[in-house]
Amino acid sequence: MTAKQNIDTPHERRTFKDHGHMDVVTLGDFTLGRGVFEPGWRWSQDVQPIAGTDSCQTHHTGFCLSGRMTVWFDDGSELAVAPGDVVDISPGHDAWTDGDEACVLLDTGVAAYARPS
């Protein structure tokens, strides 16, 4: 199968409670999301009410295009994400944007992200 879809016209837009959204394109078995995490975004405030879990249970893999984010894991460890970083983020975390710039991430682990459970 050969297919294409521009991320600026996604198949789906998943809006967070506040502070951003995830644009989602699915081609066959491949799903890519472009998350726009606006200043003030925090998973436990903006996505947790949608997901219904205590912490994010999605395994994220992706690339940070702009902005900064801190990921705090259930075990107490932290990961700082900045432009140019390629990430592999295990389930069991909270996260928030840092600073006054939106954090924009391309994420291949979003097939079920920010969907009601």
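How do the residues of the lining of the largest cavity divide into nonpolar, polar and charged? I found 14 nonpolar, four polar and one charged, where Ala, Val, Leu, Ile, Met, Phe, Trp, Tyr, Cys and Pro count as nonpolar, Asp, Glu, Lys and Arg as charged, and the others, Gly among them, as polar.

Before going on, I note that this is a predicted model, in which local features need pLDDT of at least 70 and side-chain atom pairs count only at pLDDT 80 or more, while totals for chains, interfaces and linings use all residues. Residues are numbered from 1 along each chain as its sequence is written, and side-chain values use heavy atoms, with hydrogens and water left out.

**Entry: the cavity**

I counted one cavity of 30 Å³ or more, a cavity being a set of points, on a 1 Å grid over the protein atoms alone, where a 1.4 Å probe fits but cannot get out, with lining residues having an atom within 4 Å of a point. The largest cavity holds about 150 Å³ of space, a volume being the space filled by probe spheres set on the points, which are joined across faces, edges and corners. Its lining has 19 residues, of which His-60, Met-69, Ile-89, Leu-105 and Asp-107 are the closest to its centre. The elements that give two or more residues to this lining are strands E4 (60-66), E5 (68-73), E7 (86-89), E8 (93-98) and E9 (103-107), strands being DSSP runs of at least two residues, numbered from the N terminus. E4 gives the most, with four residues.

**Entry: the nonpolar core**

I then looked up the largest nonpolar core, which has 22 residues, and those with the most contacts inside it are Phe-16, Phe-37, Trp-41, Met-69 and Tyr-113. Such a core is a set of buried Ala, Val, Leu, Ile, Met, Phe, Trp, Tyr and Cys residues joined through side-chain atoms within 4.5 Å. E2, E5, E7 and E9 each supply at least two residues of this core, and the largest share, three residues, comes from E5. Leaving aside neighbours within four places in sequence, Met-69 is in contact (heavy atoms within 4.5 Å) with residues including Phe-37, Trp-41, Trp-96 and Leu-105.

Asp-23 is found in strand E2 (residues 20-27), and I record Asp-23 as buried because its relative accessible area is 1%, buried meaning under 20%, exposed over 50% and partly exposed in between, with a 1.4 Å probe and protein chains only. The side chain of Asp-23 makes polar contacts with the side chains of Arg-13, at 2.7 Å, and of His-21, at 3.4 Å. A polar contact is a pair of N or O atoms within 3.5 Å; within protein, one must be able to donate a hydrogen and the other to accept it, and residues adjacent in sequence count only if both atoms are side-chain atoms.

Arg-34, among the residues that Asp-23 touches, lies in strand E3 (residues 30-37) and is also buried, with a relative accessible area of 17%. The side chain of Arg-34 reaches the backbone oxygen of Ile-7 at 3.5 Å, and makes a polar contact of 3.0 Å with the side chain of Asp-8.

Note on methods:
On a 1 Å grid over the protein atoms alone, a cavity is a set of points where a 1.4 Å probe fits but cannot get out, and a pocket is an open set with protein on both sides within 12 Å along at least five of seven lines; lining residues have an atom within 4 Å of a point.
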